[in-house]
Structure formats: C-alpha cells, structure tokens
Amino acid sequence: QKPFDPKKRTVVVLGSGWGAVSFLKSINTDDYNVMVVSPRNYFLFTPLLPSCTVGTIELRSIMEPIRFITQHKSRNVKFYESECTDIDPESKTISITDVSDIKGSVSNTTVPYDYLVMAIGADNQTFGMAGVREFACFLKEIWDAQKIRTRLMDCVESAGFAKQAPEEVDRLLHMVVVGGGPTGVEYAAELHDFLKDDLEVWYPELADKFRITLVEALPNVLPMFSSQLIQYTESTFKQNKIEVLTKTMVKEVADKEIKVMDANKNLVSIPYGLLVWATGNCPRPLARKLMARIKEAQTSPRGILVDDYMRVAGAPDVYAIGDCTFSKYAPTAQVATQQGLYLASVFENLARMEEGQNKKITPFEYSHQGSLAYIGSDKAIADLPFLNGNVSVGGVATYVFWRSVYISNMFSFRNRFLVVGDWMKSKVFGRDVSRE
Ligand code: FAD
Ligand code: NAD
C-alpha cells in the first residue's frame with residue numbers, strides 16, 4: 001500500500017458501521033488520504049444481532065475487523081480506535097479520545113481534516129425516562145446482545161432456585177420487550193424460538209411459566225410494513241403466545257416492574273425479569289454538540305440536517321450519512337449503505353473536476369430494495385417493490401429468502417461461512433444455555 005501523500009487532501013471518516021464501511025469500500029484512495037476514527041475496531045452486521053441474543057448465531061460471526069476492509073485499499077488507511085468528542089468546523093479539526101480501558105501516554109488529541117464524513121449512527125431513544133438506562137437492555141451493539149443473553153439465563157436459573165416463591169418465578173420468567181418496531185419484533189421472535197426449541201426442553205419444570213410481552217404505543221406493530229403483513233405478524237405472535245399490548249405506553253421503569261398507560265388510559269404495573277428497550281433512535285452527544293455549535297443552520301433536534309448532496313448544513317466540507325442524519329429517509333442500513341456509496345462517487349467526481357475534467361455532481365437518490373423482518377417459528381415477512389407496485393409475502397419460504405438476502409449482503413466470505421456454520425450448529429445441537 002502507498003503511504004499518506006502530503007499533497008493529497010485528507011478525508012476523515014467517523015464511524016465503522018454501515019455508512020462508513022460502504023464509503024470506505026468505494027472511496028478511491030489514489031485520490032485522497034483516508035483516516036478512520038471509531039470507538040470500535042470492527043463493522044457489525046446489525047440485521048443478525050437479534051439472533052445473537054439467544055445464541056442462534058455467535059457474536060464474532062457478525063463482526064468484521066475494520067482492517068479487513070482497509071487492507072484492500074491502494075493507499076494505507078489510518079485507523080484510530082477512539083471516539084470523536086468534538087468537531088470544530090472553523091479550524092477544520094476534530095478532538096479524539098481513547099475511550100478503551102487501556103491507554104498509552106496520549107489518550108486525547110486533535111486531528112485536522114480537509115473533508116469530514118460523519119457516519120456515527122444514533123443513540124438509543126429513552127425519552128429521558130428514569131430507569132431505562134439502569135434497568136433495561138438495549139439492542140444495538142455487541143455488548144447489548146451479550147448482556148441480554150447473560151441476563152436471560154440468569155433469570156431462568158434464579159427462577160429455578162430452591163424454594164423460589166411462585167410469584168417470583170412468574171416475574172423472573174416474564175420477558176418484556178418495549179417497542180414494536182422491527183428491532184422489538186425480531187427480538188421477541190428470536191426469544192420465542194429459544195423458549196420453544198431449547199429452554200422448555202432443558203428446563204421442563206419451568207416450561208409452562210415462560211411469557212413474552214411486547215409493548216407498543218401505537219395501534220399496531222411494524223408501522224412501516226403493509227397492513228397485510230402487520231396482521232400476519234400479529235396473528236403469528238398470537239399463535240406463538242407472544243402477548244402484544246398495543247396502544248400501551250411505558251411511563252415508568254423500575255428494577256422489577258414497568259408502569260404502562262394501557263389502551264383504556266389506566267396505569268398498570270407489569271412485573272418483569274428481563275426488559276428489552278427498542279423504542280428507536282435519537283442523536284448521539286457528538287451530533288448534538290455539532291448541532292448546537294451551528295444552531296442557525298441546524299434547526300431539527302432529531303438529527304443532523306443535510307442537503308441532497310449529504311453536506312451538513314452550516315459546516316463547510318463536513319458530510320453526514322446514515323442514522324446520524326435527519327432526512328426523509330428511514331434510519332436503515334439500506335439507506336446508510338447507499339449514502340456511503342453515493343458519497344464516495346461524489347469524492348471521485350470532485351477529484352476528477354480538480355484535474356480539469358468536466359463532471360457533474362448529482363443529488364443523492366435512494367432506491368428502496370424492500371423491507372424484511374423475521375417473526376419467529378421459521379417465518380419471515382417481506383415487502384418488496386415490484387413493477388412500480390409492492391409485493392407482500394410472509395411465511396417459511398420468505399424466511400429462506402430472508403436468510404439468503406442477509407448471507408449475500410455480508411461483506412466477507414469468512415462472515416458467511418461462520419453464520420451458515422452457526423445456523424447448522426444450532427439446528428443440530430440446539431442453542432447453548434450456558435450463562436456467560
Ligand atoms: P452504525 O452502523 O450504527 O455505525 C455507527 C458507527 O459510528 C459505529 O461504528 C460507532 O462505533 C461509531 N461511532 C459512534 N460514536 C462515535 C464517535 N463519537 N466518534 C466516532 N465514531 C463513533 N437496517 C436495515 O436496513 N435492515 C435490517 O435488517 C436492519 N436490522 C437491524 C437490526 C438491529 C438489531 C438494529 C439495531 C438495527 C437494524 N437496522 C437494519 C438498522 C441499521 O443497523 C442502521 O440503520 C445502520 O446501522 C445505520 O448505519 P450508520 O453507519 O449510520 O450507523
Ligand atoms: P422504531 O423507531 O422503528 O420503533 C420503535 C417503536 O417503539 C415505535 O413503534 C414506537 O411507537 C414505540 N415506542 C416508542 N416509545 C414507546 C413507549 N414509551 N412505550 C411503548 N412503545 C413505544 O425503532 P427500531 O425498531 O429500533 O428500529 C430503528 C430503525 O432500524 C428503523 O428505521 C428500522 O426500520 C430499522 N430496523 C430495521 C430492521 C429490519 O429491516 N428488519 C430491523 C431492526 C431495525
């Protein structure tokens with residue numbers, strides 16, 4: 001690989017998720033020096049994260065070291081495992097901090113950029129509700145899936161403890177999921193499979209005590225899917241004995257129970273053993289800090305405002321893609337990936353224009369490839385664009401399609417191999433119920 005060239009412009013990329021990696025894979029490093037800053041040194045294939053919470057897939061099977069991606073570039077790409085804590089668009093510098101446990105003599109510094117690409121994703125939305133961060137588990141990162149898996153088995157073993165009080169057994173084996181978006185639905189689905197296929201076999205004395213409840217504030221789950229697939233999901237959940245409480249909003253979170261406002265406007269207590277919180281996204285502290293710095297241009301509290309060319313309003317030479325932005329697009333991997341690809345092509349055109357070539361930069365256009373979700377007992381749902389219309393399908397065949405789409409979307413053969421191996425392993429031997 002060629003070294004950094006002081007005559008070339010430097011592009012600093014913040015993040016190692018969907019948007020950043022898609023950009024990195026496509027950016028032409030013959031034209032630019034590229035540097036990546038992210039607190040995690042790997043890419044995470046989020047669509048299969050719910051499967052990791054119950055051990056259908058192992059965590060490392062959906063992680064890809066960032067250096068695997070950067071090693072294929074023509075010029076050396078610098079990677080700093082650190083968090084960007086501040087962006088100064090005037091001096092065109094960022095502040096970075098080593099947030100890992102082990103530090104050297106330097107753990108804070110500033111880095112200059114010519115162009116900055118923000119792909120920092122989003123934080124978990126809690127609406128500032130006390131108790132959520134303390135008692136609930138999120139489902140966004142590797143450590144979240146790990147925590148859920150450990151807590152779930154802890155609940156099961158504590159429920160089986162000698163002379164456990166019957167009401168405590170009921171509480172400990174009640175798994176509550178808040179948020180009926182795709183994250184909450186897919187997690188409830190995976191949990192159902194784990195209970196049916198494994199826990200009821202390994203813990204027959206507790207088999208009739210396991211319960212799953214999904215709490216959703218809106219009148220139905222999965223508002224982004226067609227009404228036919230919403231009904232199909234709700235009836236599949238009913239068959240699978242997953243209780244779906246719609247028009248029910250969580251108001252308070254304590255260590256052993258949540259309080260919800262139910263559909264009849266009554267405040268009701270729901271005791272739980274495991275609480276998984278999946279109520280969507282909100283901006284990360286870094287995004288909020290930048291937005292406050294340039295508040296005349298950044299008028300939405302919901303995310304960084306960008307124009308159709310992914311340029312951050314009010315910050316020249318700063319671009320933002322993916323979940324950290326607030327735009328007409330949903331915060332999905334599909335959108336972040338297409339924006340990363342688009343931005344790499346913008347940089348390619350900028351380089352050619354500097355050489356005197358006649359190039360035009362066109363605005364970003366999103367092409368929706370469809371929505372997919374796993375709903376349990378080997379069934380998935382899919383809304384797919386077809387001949388200017390939409391096809392809605394659900395069932396076991398869709399599940400086979402769901403698997404093949406995700407396998408083909410993985411970035412490396414290694415990940416594909418590991419995931420297929422995990423699927424086979426859990427089919428043959430069942431999922432592992434050891435508590436880590
Ligand atoms: P991310 O992928 O979240 O990456 C953000 C990166 O920024 C991370 O590397 C992070 O460590 C880094 N970072 C954070 N703070 C800083 C900082 N201060 N400085 C530097 N770096 C920082 N979408 C789909 O389209 N299909 C699906 O099936 C699907 N399934 C999903 C399942 C789950 C469980 C979840 C949680 C999400 C799913 N999504 C899916 C949504 C998808 O994961 C997100 O839309 C996507 O990750 C957004 O990409 P991003 O690059 O914007 O952010
Ligand atoms: P979401 O925003 O899609 O859904 C959150 C849900 O929580 C909403 O339906 C909301 O009404 C509900 N909610 C909010 N506050 C509540 C409260 N106090 N009590 C009860 N319910 C409450 O969030 P998500 O599911 O985490 O998804 C985030 C993004 O990631 C979305 O864009 C989604 O499309 C994407 N994603 C996609 C997939 C997939 O395609 N299979 C999977 C996971 C996530």
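Reader: Leaving aside its neighbours within four places in sequence, which residues is Thr 97 in contact with?

Author: Contact means heavy atoms within 4.5 Å. Thr 97 is in contact with Ser 82, Glu 83, Thr 85, Ser 107 and Asn 108. This is a predicted model, where local features need pLDDT of at least 70 and side-chain atom pairs pLDDT 80 or more, while totals for chains, interfaces and linings use all residues. Residues count from 1 along each chain as written, chains are lettered from A and ligands numbered from 1 in the order written, and side-chain values use heavy atoms, without hydrogens and water.

Reader: Which residue's side chain joins that of Thr 97 in a polar contact?

Author: Look for a pair of N or O atoms within 3.5 Å; within protein, one must be able to donate a hydrogen and the other to accept it, and residues adjacent in sequence count only through two side-chain atoms. Here the partner is Asn 108, at 2.8 Å.

Reader: Where is Thr 97 found, and why does it count as buried?

Author: Thr 97 belongs to strand S7, residues 93-97. Strands (E, at least two residues) and helices (H or I, at least four) are DSSP runs, numbered from the N terminus. Thr 97 counts as buried because its relative accessibility is 17%. The cut-offs are under 20% for buried and over 50% for exposed, partly exposed in between (1.4 Å probe, protein chains only). Thr 97 and Val 37 are 60 residues apart in sequence, with their C-alpha atoms 9.8 Å apart.

Reader: Which way do the residues of strand S9 point?

Author: Tyr 115 and Val 117 point one way, Leu 116 and Met 118 the other. All are buried.

Reader: Which strands pair with S9?

Author: Pairing takes at least two DSSP bridges. S1 (residues 9-14) runs parallel to S9, joined by four bridges. Val 11 stands opposite Tyr 115. S20 (residues 318-320) also pairs with S9 in the parallel sense, over three bridges. There, Met 118 stands opposite Ala 320.

Reader: Which residues come nearest to ligand 1?

Author: Near means a heavy atom within 4 Å. Of the 29 residues around ligand 1, the nearest are Ser 16, Gly 19, Thr 46, Asp 323 and Tyr 406. H10 (333-354) is one of the elements that supply at least two residues of the shell. H10 gives the most, three residues.

Reader: Which backbone atoms lie by the oxygen atoms of ligand 1?

Author: A backbone N or O atom of Asp 323 lies 2.8 Å from a ligand oxygen. For Pro 331, the distance is 3.0 Å.
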